[in-house]
Amino acid sequence: MSEKYVQREHLEYPELTMYQMVEKIAKQLPQEPAYEFYGKKTSYAKFIARIERCARAFLRLGIGKGDRVTLCMPNIPQCLDCFYALNRIGAVANMVHPLSAEKEITFYLDISKSKAIVTVDLFYQTVKKAIGAADHPVTAIVTRMQEELPPHLAVLYYLKKGRSLMKYPDGDNSMLYTAFLKKGGNMPLPEITFEKYRTAVILYSGGTTGTPKGICLTDLNFNGCALQATEAIGVVFRPGLSCLSCMPMFHGFGLGINIHTVLINGARCILMPTFNNKTYGEALIKKKPNFIAGVPTIFEALLHLQQLDGVDLSFLMGMFCGGDSLSVELKKSIDRFLKEHHATIQVREGYGLTECVTASCLTPRDDYRENSIGIPFPDTVYQIVAPGTDDVLLPGTEGEIILRGPTVMTGYLDNPEETADTLRKLSDGNIWLYTGDLGYMDEDGYVYFKQRIKRMIITNGYNVYPGQIENVIDGMDEVAYSCVIGVKDRRRMQRVRAYVALMDGVEGSDELKEKILAQLRKSIAAYALPREIIFRRELPKTLVGKVAYRLLEEEANREEENKNETDMV
């Protein structure tokens, strides 16, 4: 390991809940801003008061220790208040995306057995229908965006959008958030107890392999992640520093890094309820955040924002990329962009899974190794095993990544079979998380992610890894991003197809296809070359901004089945 980078191997983890970790900072820094929403700042002292008022309201509603409440909101103050309020009383926060479809929300309510759901009036209609289809009674609590906006923006929002939503809520078992808060009154708050294995949060897997699974996470999981990330980042957090919190709270990366890690260090979260290129660029210019974290597509978009031309970004102290693989070519482009804008940092890639909250590995700030995702967080141990076995492989040998540490989930909600398949107790007596990802480690302990095992394409008996092909295609000037999939094929089992999203102003052509293939031939084996290249203006994305390769696979395989049926006729 480089002598430049020194990371403690072991940290101390206090027996405190997430709420207590934030409360501890609030006592030290009561007047420092905990978060900011469209310019309106809330101090740590006021944040704690808001949390406790919300906690009393939940208690009055009949929510107690162990009860589940679904939070279906974007990154707004009410979501933070509710999240930590539920933690304060020992209840469970069931985090879901507000843009989820009706049937998805019903599924989340049913599997979690949520007694209530908190949402925004903008999404109330969908939530109301979802509650109607749930297998048990659910109370809806409806918030309004304008309640937290500065006065001038609240008026504009009301005139533009909020006025049409004033009729909500209109259900029998629903109430406004303001009315909900008033009901709490002087309800006494319970004594706080820390329980190491108590489920505090339920997050959901992306559902790329079928029905989404509920991931049960504890206070220790989140606090451990925040403390480990603080150490691995290697930059001293202090009052006055800020993070642009655009990653959503229903996602481990957003909740664990963009929110909880920032708050327990006394810094400030700049809340962004929605993301688009224009507002993100404006926030960078106006708010000058010290830390930004996101998925590759967010940072790729930065490269093409004209509003950032000539802007000084020297205020940035950390840029962290996760949620999807960062290609070498994109990293080089981002680093060049940062340097041109006077930032003294480089983008640092992290790796992890929601099953361990979020990141568990990060590239050191002063010792980047090409294609590496860095070194494990303190107290997190990585090993590489032969796929389908528990046999540990030597450094440099590719296999499945497994890991253990204090951030690993307790299991999947009501799914013992999947839990047993993912969490395995080995001969060393430890519980290991089997990631389903391929990679290797070098002799210095640096980890190299190669591919998700289930994304592997098998063509003519050869294993093809889409990420390797995508890295080459993404490095071309004409290409914004790409996605490589396997399409069912009678002769080859699968054939390789590349979907390519082009830069603005670039048109797809046979000449460009040949240019892409020529570039691929320099670094990709002939059997792995795409048989088809399809140009699209844009590709479908998941709720957190990853390319939704499963949707492309389903679309392509439906086309193939229809083609085969036509051929038979």
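A salt bridge here is a side-chain nitrogen of Lys or Arg within 4 Å of a carboxyl oxygen of Asp or Glu. Asp489, Arg495, Arg497, Glu532, Glu559 and Glu560 are joined by such bridges into a network. The structure has 25 salt bridges.

Before going further, please note that this is a predicted model, in which local features need pLDDT of at least 70, side-chain atom pairs count only at pLDDT 80 or more, and totals for chains, interfaces and linings use all residues. Residues are numbered from 1 along each chain as its sequence is written, and side-chain values use heavy atoms, with hydrogens and water left out.

| Asp414 | Lys113 | 3.5 Å |

Asp414 is exposed at 57%, and Lys113 is exposed at 51%. Asp444, in contrast, is partly exposed at 36%, as is Arg369 at 21%.

Now to a charged residue inside. Arg88 belongs to helix α3 (residues 77-88); helices are DSSP runs (H or I, at least four residues) and strands are runs of E (at least two), numbered from the N terminus. Arg88 is buried but has no salt bridge, and Glu52, the nearest side chain of opposite charge, is 4.4 Å away. Lys and Arg count as positive and Asp and Glu as negative, while His and the chain ends are not counted. Beyond its neighbours within four places in sequence, Arg88 has contacts (heavy atoms within 4.5 Å) with residues including Tyr19, Glu52 and Leu189.

What about the nonpolar interior? A nonpolar core is a set of buried Ala, Val, Leu, Ile, Met, Phe, Trp, Tyr and Cys residues joined through side-chain atoms within 4.5 Å. The largest one has 149 residues, and Phe58, Leu71, Phe83, Met95, Leu263 and Tyr280 touch the most other members. Helix α2 (residues 44-61) gives the largest share of this core, nine residues. A separate core of 34 residues includes Val464 and Leu512.

Conventions: Buried < 20%, exposed > 50% of the residue type's maximum accessible area, 1.4 Å probe, protein only.
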